[in-house]
Amino acid sequence: MNPVAGAILLLTASAVVGLLALIHIRTRGRVDGLNLRLFMVLNFLLANVVSGFAHVLGWSKDRGFYEVLSGDPVGSTSGLTTAAWATFLASCALWAGLVVPRPRLFPARDDSREVPRRPLAPENLYSFAAAHRVSVGGLALVLAAAGGVGLIRVMGATTDQTGGRIISVDGGNARYAFLAGWLPWAVTLLVLAFAARRRATGQAVWNTLLLVGGLAALAVSATWNGGRAEIAYVAFPLLAIMLPRISILRWPLIVAGAVAMVVFVVATTSQRVGATTDPWSFIDWQWGRFSMSAWASNHTALHGSLHGETIWSALINVPLALLHLGGVSVDNPFRSMVQVSGYDLLGGEDQIYVVPGFSAEMLLNFGLVGVVAGYFLLGIFSAVVSDAYSRSRSETNRVLLATVGSTLVFQGIVGQLESFEVFVTLSILPLWALWVAERLFARPCDLGQPLEPGPAASSAPGSPGGQCGPNGTSGATALGGARAPARL
């Protein structure tokens, strides 16, 4: 079969699989925390399937760093067929990983591991920020000040800046880059502290103002290292926690925010690529991950498999970064994904602007088998995070899980393993610190709500089944029923 015709056929099959997955996820009758399963499938369709159609069918005039329509016949020497097969197999593997019957793999040991039949209301969550409002707010202010200093220092010491975003900094300023990267989480913690104890419907206006102000601060604090995807990445956890609290104002805010984001994306892309008549430039699909999969296939055919080199680079990257922050400089002996693509596509390992994506990384290291296994594991991990978010009765847990989920959406498919590891460890250390603080300083009577309301009952002050009062005493629960044992 002609390579182009075969690619179109496989891309069409991938689109059908993706649509069936979306329908299945929406109709399966289970709570999907954060709608994470839905977002993962949508992101895959956009980054791989739609970008594939845009490239192969010539929708985009400028098709990025790698051309899949080369050779005679067209596409015969560019890895086009392998990229198409990788896309189809990945769509099937991701769907399977997202909906595999997990109770058979991870047996439920108690009620805390069951996914609730309906989402838990915010007022039924334990809020560490509410119980320790002054401490959390004060620490957030200190962190915000430190992040502001880091941001100013990094902005004044850049070694490379492209289109208004900072690509890299001198080695001595790496610690300031970390501080600048923590600034969004200081904003998130401040919003939680100000929103504490204000969850009733009557406070929707207050919570909306907090959310809008927080999103504006996040937009300012995240533009230095990218802009578009980075703002969405840091905004996702805040939206997940605050949107359920603003009731009737939720949809107007979502619509207004979507319009504002589209305007920002168009303006930012116009600034970076200049005047263009190619509409695909505004979302960078023509630089898409489908063509990068074709590049990975062709690179492997010419130079051989990497046999997990970029995986090893990712695994030791964070320990080496910690040593570097401590003053011990140790070079990573393995190449990262962006070093491989930078050398091959741009002529130097320091040219780290091309991020090929998850499909390309799996192809480079393990071939099509790696694509199937990688996407299946990615789907399972996403499902675990989604269900953990649904089960969690702790606001702190939910912020942390929402951030991991956001990383999966914005880095899991379109990013690289190395950046994913950094995002869920060093980049969110303030959230991990809050998670540890909750486990150290939460009082014995700060217990999580049961998944299902129990019979109405009142607990005497000081009884273990009640809710903490202002002096550490206990009272009736918010639902009027006894609380379950603490499983935050």
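The side chains of R37 and D32 meet in a salt bridge, with N and O 3.2 Å apart; the term stands for a side-chain nitrogen of Lys or Arg within 4 Å of a carboxyl oxygen of Asp or Glu. This is a predicted model, where local features need pLDDT of at least 70 and side-chain atom pairs count only at pLDDT 80 or more, while totals for chains, interfaces and linings use all residues. Residues are numbered from 1 along each chain as its sequence is written, and side-chain values use heavy atoms, leaving out hydrogens and water. Here is a friendly tour, topic by topic.

**Salt bridges**

- The structure holds five salt bridges.
- Both R37 and D32 are buried, a word used for under 20% relative accessible area, with exposed meaning over 50% and partly exposed in between (1.4 Å probe, protein chains only).
- R37 also forms a salt bridge with D387, whose closest N and O atoms are 3.2 Å apart.
- Because D387 lies in helix α14 and R37 in helix α2 (residues 36-56), this pair ties together parts that are 350 residues apart in sequence; helices here are DSSP runs (H or I, at least four residues), as strands are (E, at least two), numbered from the N terminus.
- D387 has 4% relative accessibility, so D387 counts as buried, and R37 is buried as well, with a relative accessible area of 3%.
- R439 and E438 meet in a salt bridge of 3.3 Å, N to O.
- What sets these two partners apart is cover: R439 is partly exposed at 36% relative accessibility, whereas E438 is buried at 0%.
- Shared partners join D32, R37 and D387 into one network of salt bridges.

**Aromatic pairs**

- There are 10 aromatic pairs in the structure; rings of Phe, Tyr and Trp (its six-membered ring) pair if their centres lie within 6.5 Å, and planes under 30 degrees apart count as stacked, over 60 as edge-to-face and the rest as tilted.
- F236 and F410 make an edge-to-face pair, because their ring centres are 6.5 Å apart and their planes stand at 80°.
- That pair links distant parts of the chain, with F236 in helix α9 (residues 228-242) and F410 in helix α15 (residues 395-412), 174 residues apart.
- F236 is buried at 12% relative accessibility, while F410 is partly exposed at 23%.
- F381 and F420 also pair edge-to-face, with ring centres 6.4 Å apart and planes at 85°.
- Here F381 comes from helix α14 and F420 from helix α16 (residues 417-423), 39 residues apart.
- At 36% relative accessibility F381 is partly exposed, and at 16% F420 is buried.
- F39, F236 and F410 form one aromatic cluster.

- Helix α8 (residues 204-222) has 19 residues and should span 27 Å at 1.5 Å a residue, which agrees with its end C-alpha atoms being 26 Å apart; the expected span is 1.5 Å times one less than the number of residues.
- The buried residues of α8 are A204, N207, T208, L210, L211, G214, L218, S221 and A222.
- They cover an arc of only 160° around the axis, which puts them on the same side of α8; the arc is that of the directions from the helix axis to the C-beta atoms.
- The exposed residues V205, L209 and V220 sit on the face of α8 turned away from its buried side.
- In α17 the buried residues are P430, L431, L434, A437 and E438.
- These cover an arc of only 115° around the axis, so they lie on the same side of α17.

**Backbone details in the loops**

- The peptide bond from D72 to P73 is cis, with omega near 5°, and P73 is found in the loop between α2 and α3 (80-99).
- L34 has a positive phi, near 70°, in a residue other than glycine.
- L34 lies in the loop between α1 (3-27) and α2 and is buried at 12% relative accessibility.
- H307, also not glycine, has a positive phi near 55°.
- H307 belongs to the loop between α11 (289-303) and α12 (309-325) and is exposed at 63% relative accessibility.
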